[in-house]
Amino acid sequence: MFRRTYLALTAAALMTGPAFAGSSGMKKDIVDTAVEAGSFATLVAAVQAAGLVETLKGDGPFTVFAPTDEAFAALPEGTVEDLLKPENKDQLTAILTYHVVPGKVMSGDLSNNMMAATVQGGEVTIMTEGGVTVDGANVVQPDIETSNGVIHVIDGVIMPK
């Protein structure tokens, strides 16, 4: 199981790397970067359902801990479908904004046992020993710079307390 997950993550990281490189000198915003990468379809759909597209296309800067499609797929069956229903928009918005920290926080700015306030209002715990984690989710690709912030790809969906 671990080996299959590791291989999938490695393959995903290798496939997303070139997508983030960008062919022009202009950096795209957080939303366009996520769309172009191709490994965040669920996240992009959730951002659209929550009405957060314009916010994440705004000036920022924002730091987004972006779960991959595989991270959403690992949630209990039916969770994503339920969250995308209009009647659950508030809960979806809370979960998504828990993945966003105001400002541009690069991996070099992180320290072990660091607490970071999220847009949702809660705090995430960042650990740096033995690899970087955010509330237990592993950062699998850090420091993807965008025109309005930075994306750190994570392998899990983190939930507010």
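**Entry: Asp-135 and Lys-161**

I started with the pair Asp-135 and Lys-161 in this predicted model. Their side chains meet in a salt bridge, with N to O at 2.9 Å. I then looked up where each partner sits. Asp-135 is partly exposed, at a relative accessible area of 25%. Lys-161 comes out at 77%, which counts as exposed.

Next I looked for salt bridges with shared partners. Lys-27, Lys-104 and Glu-145 are joined this way into one network.

**Entry: Asp-29 and Lys-57**

I moved on to Asp-29 and Lys-57. This salt bridge has an N to O distance of 2.8 Å. The pair links distant parts of the chain, 28 residues apart. I found Asp-29 in the loop between helix H1 (2-21) and helix H2 (30-37). Lys-57 is in the loop between helix H4 (53-56) and strand E1 (62-67). Is Asp-29 buried or exposed? Asp-29 has 10% relative accessibility and counts as buried, because the cut-off for buried is under 20%. Lys-57, at 30%, counts as partly exposed.

**Entry: Glu-36 and Lys-28**

I then checked Glu-36 against Lys-28. They form a salt bridge, and the closest N and O atoms are 3.7 Å apart. That passes, because the rule asks for a side-chain nitrogen within 4 Å of a carboxyl oxygen. Glu-36 has a relative accessible area of 39% and is partly exposed. Lys-28 is partly exposed too, at 38%.

**Entry: salt-bridge count**

I noted the total for the model. How many salt bridges are there by this rule? The count is 7.

**Entry: the sheet**

Strand E5 covers residues 133-134 and strand E6 covers residues 137-146. They pair in the antiparallel sense over 2 bridges. I looked up the bridge partner of Thr-133 and found Asn-138, in E6.

Then I traced the whole sheet. It is open and has 7 strands. I wrote down the order as E2-E1-E7-E6-E5-E4-E3. The pairing is mixed. Which strands are at the edges? They are strand E2 (100-102) and strand E3 (114-117), and each pairs on one side only. In that order, E6 stands between E7 and E5.

Note on methods: Residues are numbered from 1 along each chain as its sequence is written. This is a predicted model: local features need pLDDT of at least 70, side-chain atom pairs count only at pLDDT 80 or more; totals for chains, interfaces and linings use all residues. Side-chain values use heavy atoms; hydrogens and water are left out. Two strands pair if DSSP finds at least two bridges between them. Helices (H or I, at least four residues) and strands (E, at least two) are DSSP runs, numbered from the N terminus. Buried means under 20% relative accessible area, exposed over 50%, partly exposed in between (1.4 Å probe, protein chains only).
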